Amino acid sequence: MPLVAEILTMLESQVLSISFNRAEKMNAITRSMYGQLAQELNTADQEFGIRAVVITSEGDHFTAGNDITDFLEHPPTAEDSTVAAFLSALHNFTKPLIIAVKGNAVGVGTTMLLHADIVVASENAKFSLPFTTLGLVPEAGSTLLLTQKIGYQRAFEVFVMGEKITGKQAVELGLANQAFASSDEVLSTARQKAEILAKKSVSSVRKTKDLMRNATEILARIQQENIHFSNRLQTDEVKAILRKFVHKQ
């Protein structure tokens, strides 16, 4: 067990802040962290005293994505894995979800943004989806959601060519609402928006979100991606790529 909590939470003014707290590892996410994230989101969705959630991070980066060492030791191939639990909680979350991004947002650090209601980023943030580089396929419904947002050809460049998107570009592409030079301004803006949303009718916001999204289509894509991701993760090719990646670190 880690001596320091790897996920920090704070409830203030009916806004729950969830923060990655593994800065020394660029906030790479382990299976235990996925489990806590899922639990926090599910609880917040049901808790009357929580009206909005902000996901952010400690240190210079949002997250390096999956902790590859942990990934190799405990591959999330089962339907009841903590990764699957987090993706389900993210998809099913009915209250306002704001994500504040600074630094690198790798893999799931970018795909989770597609489920947020508001994204605020630093101008120099770097969004990247290196799934094919690792021999894997994208997850979290991103092959559907990102393509819908930025178009097939641009999404192909990001998914397959591995091109990165800056915070400024994310705003231009519609992946983020605003980008700021200061990390402090990123967090304060996310917080301000969350507090405004927390004052609105829970039922009205929930129904509006529901009407804006095709939840059935998104869930079907998440499940489809999960099957292919799990299958790829069990291949010798991917295991070798991941081991090589860990060795380089």
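## Terms and basis

A residue is called buried when its relative accessible area is under 20%, exposed when it is over 50%, and partly exposed in between (1.4 Å probe, protein chains only). This is a predicted model, in which local features need pLDDT of at least 70 and side-chain atom pairs count only at pLDDT 80 or more, while totals for chains, interfaces and linings use all residues. Residues are numbered from 1 along each chain as its sequence is written, and side-chain values use heavy atoms, with hydrogens and water left out.

## Salt bridges in the structure

Eight salt bridges are present in the structure; the term denotes a side-chain nitrogen of Lys or Arg within 4 Å of a carboxyl oxygen of Asp or Glu.

## A link between distant parts

One of these salt bridges joins D117 to K209, with 2.9 Å between the closest N and O atoms. The two residues are 92 residues apart and belong to distant parts of the chain: D117 is in the loop between α4 (108-111) and β6 (118-122), and K209 is in helix α9 (residues 202-212). Helices (H or I, at least four residues) and strands (E, at least two) are DSSP runs, numbered from the N terminus. K209 is buried, at 10% relative accessible area, whereas D117 is partly exposed, at 31%.

## A pair within helix α9

Helix α9 also holds both K207 and D210, which lie three residues apart, about one turn of the helix. Their side chains form a salt bridge at 3.7 Å, N to O. K207 is partly exposed at 48%, and D210 is partly exposed at 42%.

R232 and E237 form a salt bridge whose closest N and O atoms are 2.6 Å apart. Salt bridges with shared partners also connect E6, R22 and D67 in one network.
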